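Below are a few exercises to work through with the model on screen.

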Amino acid sequence: MALPRRPSSSENRRRIPTQERAQRTIQAIFEATAQIVENEGEAGLSTNKVAQRAGFSIGTLYQYFPSKEAILMALIQRERRRVMDRLQLMMREAVDQRRPAREALKDMVHLLVESFGGGPRARRAMIRLAWRLDHHDDITQALREASERNSIALAALQDPQMRGPDPTMMFVATRAVMGVIRSASLEDSPMLGTPAFEAELVRLIWGLLRKD
């Protein structure tokens, strides 16, 4: 029996630009989606408008996303991955620098608010759409992952003023923080992203973590 033919080096080289083009296409779709939401609001978003704004045929768009909901879900999933990576790096730096836990929490809260609620008007509108469309199982999995990672990171800080994080504490803390951010985003609250809003979230978490 003949062995499978190995791809030639020229074939391998051809695949890389194809992947790069795909990433550029996806990014163009994301940017077009944001522009439409900014200019026309949530009601103006459709796959036809996204394809037209991005400069693609509707058939090209459907090769990547079957619906506008799929575009939004891809956006929030990408943002989740980005935020989790940034959180992990942030907490690693806090451990290396031996920062107090409360100071590390301030940075963590700022990142979460900025990523899942704040930013320019178009971004906030897209986040509201994504919150409405997000599936319960996806949210639960993301919160579980965040809870586990943050628990490990906070324990590594070894702050004498802080109780050792346990699963129950982290369950309550992550759901409380993300629940508040989600509610403020869906209500389009003017408090979202303000220093006072973030300070209250830090106070909420610290109240759970600090020793009595």
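Each exercise has a task, then a solution in steps.

Before you start: this is a predicted model, in which local features need pLDDT of at least 70, side-chain atom pairs count only at pLDDT 80 or more, and totals for chains, interfaces and linings use all residues. Residues are numbered from 1 along each chain as its sequence is written, and side-chain values use heavy atoms, with hydrogens and water left out.

**Exercise 1. The overall fold**

Solution: 
- Step 1. Helices (H or I, at least four residues) and strands (E, at least two) are DSSP runs, numbered from the N terminus.
- Step 2. Buried means under 20% relative accessible area, exposed over 50%, and partly exposed in between (1.4 Å probe, protein chains only).
- Step 3. Now try contacts, meaning heavy atoms within 4.5 Å. Take those between residues at least 6 apart in sequence: 70% of them join residues at least 24 apart.

**Exercise 2. T47**

Task: find out whether T47 is buried or exposed, and which side chain it makes a polar contact with.

Solution: 
- Step 1. Go to helix α2 (residues 47-54), where T47 is found.
- Step 2. T47 has 11% relative accessibility, so it counts as buried.
- Step 3. A polar contact is a pair of N or O atoms within 3.5 Å; within protein, one must be able to donate a hydrogen and the other to accept it, and residues adjacent in sequence count only if both atoms are side-chain atoms. The side chains of T47 and Y62 make one at 3.1 Å.
- Step 4. Setting aside neighbours within four places in sequence, T47 is in contact with I58, L61, Y62, S67 and K68.

**Exercise 3. The largest core**

Task: name the residues that touch the most other members of the largest nonpolar core, and the helix that gives the most to it.

Solution: 
- Step 1. A nonpolar core is a set of buried Ala, Val, Leu, Ile, Met, Phe, Trp, Tyr and Cys residues joined through side-chain atoms within 4.5 Å.
- Step 2. The largest one has 36 residues, and L112, L154, I181 and L209 touch the most other members.
- Step 3. Two or more residues come from each of α4 (68-96), α5, α6 (121-133), α7 (136-157), α8 and α9 (195-209). The top contributor is α5, with nine residues.
- Step 4. Another core, of 19 residues, lies apart from this one, and L61, F65, A74 and L129 are among its members.

**Exercise 4. M170 and its surroundings**

Task: which residues does M170 touch beyond its sequence neighbours?

Solution: 
- Step 1. Look in helix α8 for M170.
- Step 2. M170 counts as buried because its relative accessibility is 4%.
- Step 3. Not counting residues up to four places away in sequence, M170 touches S147, N150, S151, L154, P165 and L209.
- Step 4. The C-alpha atoms of M170 and S151 are 6.6 Å apart, although 19 residues separate the two along the chain.

**Exercise 5. L204**

Task: decide how L204 counts by accessibility.

Solution: 
- Step 1. L204 is found in helix α9.
- Step 2. With 38% relative accessibility, L204 counts as partly exposed.
- Step 3. L204 and V177 are 27 residues apart along the chain, and their C-alpha atoms are separated by 8.1 Å.
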